[in-house]
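User: I would like to learn how to read features of a protein model one at a time. Please give the general idea, then the case at hand.

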Amino acid sequence: MSFTYDDVGATREQGHCPPGFHSLHVRTRLGEGEPVFRRAAEALLTWRMHRTLGVAIDASAERAAPGVDVTVTLAGMVKAPCRVVWTVEERRRAGWAYGTLPGHPECGEEAFVVDRTGDGTVWLTVTAFSRPAKWYSRAGGAATRGLQHAYARRCGAVLRRLSAEDPAG
């Protein structure tokens, strides 16, 4: 299956939003320090954050990597097929982005990146560009975009909780 949009990988470019798409940018403070960063990165790269959100994830691999197919199912009914387009795993930055495939209710790309700044603060940044692809997402208009923002904020809240958990304790 081919992607449903042309600018594949464009979420790597900070602030880029192709013409005709709506942009999203939500940044959430997760905590401080290397252990928080490591736990957040692992939860993000292994789909744990998404599964903890309560969405079903069917992925062709246990870990995010370019080319991995992922279907997110919302409320047991809405299936959203995607493919990972890029990943990053660096000392202070980890994450990935996926792009929409045919059958997804939206058309576009979404990135989830955890980074640790120079002062040790750990952040999750969710960026995306999208436009409706199905009649019901078009009919939802601004409410659909509001749900996307709420989902991104929920990702931050869930990852904050997951990254604060001490696996030994």
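Analyst: Helices (H or I, at least four residues) and strands (E, at least two) are DSSP runs, numbered from the N terminus. The model is predicted, so local features need pLDDT of at least 70 and side-chain atom pairs count only at pLDDT 80 or more, while totals for chains, interfaces and linings use all residues. Residues are numbered from 1 along each chain as its sequence is written, and side-chain values use heavy atoms, with hydrogens and water left out.

User: Is E106 buried or exposed?

Analyst: Buried means under 20% relative accessible area, exposed over 50%, and partly exposed in between (1.4 Å probe, protein chains only). E106 has a relative accessible area of 10%, so E106 is buried.

User: Which residues is E106 in contact with, leaving aside its neighbours within four places in sequence?

Analyst: Contact means heavy atoms within 4.5 Å. On that basis E106 is in contact with T4, T100, S130, R131, P132, A133, S137, T144 and Q148.

User: How many residues apart along the chain are R138 and E106, and what separates their C-alpha atoms?

Analyst: They are 32 residues apart along the chain, and 8.9 Å separates the C-alpha atoms. R138 lies in helix 3 and counts as partly exposed because its relative accessibility is 49%. Not counting residues up to four places away in sequence, R138 touches P132 and A133. For another pair, E106 and M77 are 29 residues apart in sequence and 15 Å apart in space, C-alpha to C-alpha.

User: How many salt bridges does a search of the whole structure find?

Analyst: A salt bridge is a side-chain nitrogen of Lys or Arg within 4 Å of a carboxyl oxygen of Asp or Glu. The search finds six. One of them joins E34 and R116, with the closest N and O atoms 2.7 Å apart. That pair links distant parts of the chain, since E34 is in helix 1 (residues 34-45) and R116 in strand 6 (residues 106-116), 82 residues apart. E34 is partly exposed at 26% relative accessible area, whereas R116 counts as buried at 13%. E34, R38 and R116 are linked in a network of salt bridges.

User: Where do D69 and R83 lie?

Analyst: D69 and R83 form a salt bridge whose closest N and O atoms are 2.6 Å apart. D69 lies in strand 3 (residues 69-74) and R83 in strand 4 (residues 78-89), so the pair ties together parts that are 14 residues apart in sequence. D69 counts as partly exposed at 31% relative accessibility, and R83 is buried at 16%.

User: How many residues are in the largest nonpolar core, and which have the most contacts inside it?

Analyst: In soluble globular proteins, nonpolar side chains tend to be buried together. A nonpolar core is a set of buried Ala, Val, Leu, Ile, Met, Phe, Trp, Tyr and Cys residues joined through side-chain atoms within 4.5 Å. The largest core here has 36 residues, and M49, W96, F112, V114 and L124 have the most contacts inside it. Helix 1 gives the most to this core, with seven residues. Apart from this core lies another, of 11 residues, among them F21, W86, V88 and A111.

User: At what angle do the axes of helix 1 and helix 3 cross?

Analyst: Axes are lines fitted to C-alpha atoms, for helices over the stretch in contact, and angles run from 0 to 180 degrees between N-to-C directions. The axes of helix 1 and helix 3 (residues 135-164) come within 8 Å and cross at roughly 125°. That makes helix 1 oblique to helix 3; angles under 35 degrees count as roughly parallel, over 145 as roughly antiparallel, 65 to 115 as roughly perpendicular and the rest as oblique. V36, R39, A40, A43 and L44 in helix 1 meet L159, L162, S163 and A164 in helix 3.

User: Which values of phi do W47 and A75 have?

Analyst: Phi of W47 is near 75°, a positive value in a residue other than glycine. W47 lies in the loop between helix 1 and helix 2 (48-53) and counts as buried at 1% relative accessibility. A75 has a positive phi of about 55°, although A75 is not a glycine. A75 lies in the loop between strand 3 and strand 4 and is exposed, with a relative accessible area of 71%.
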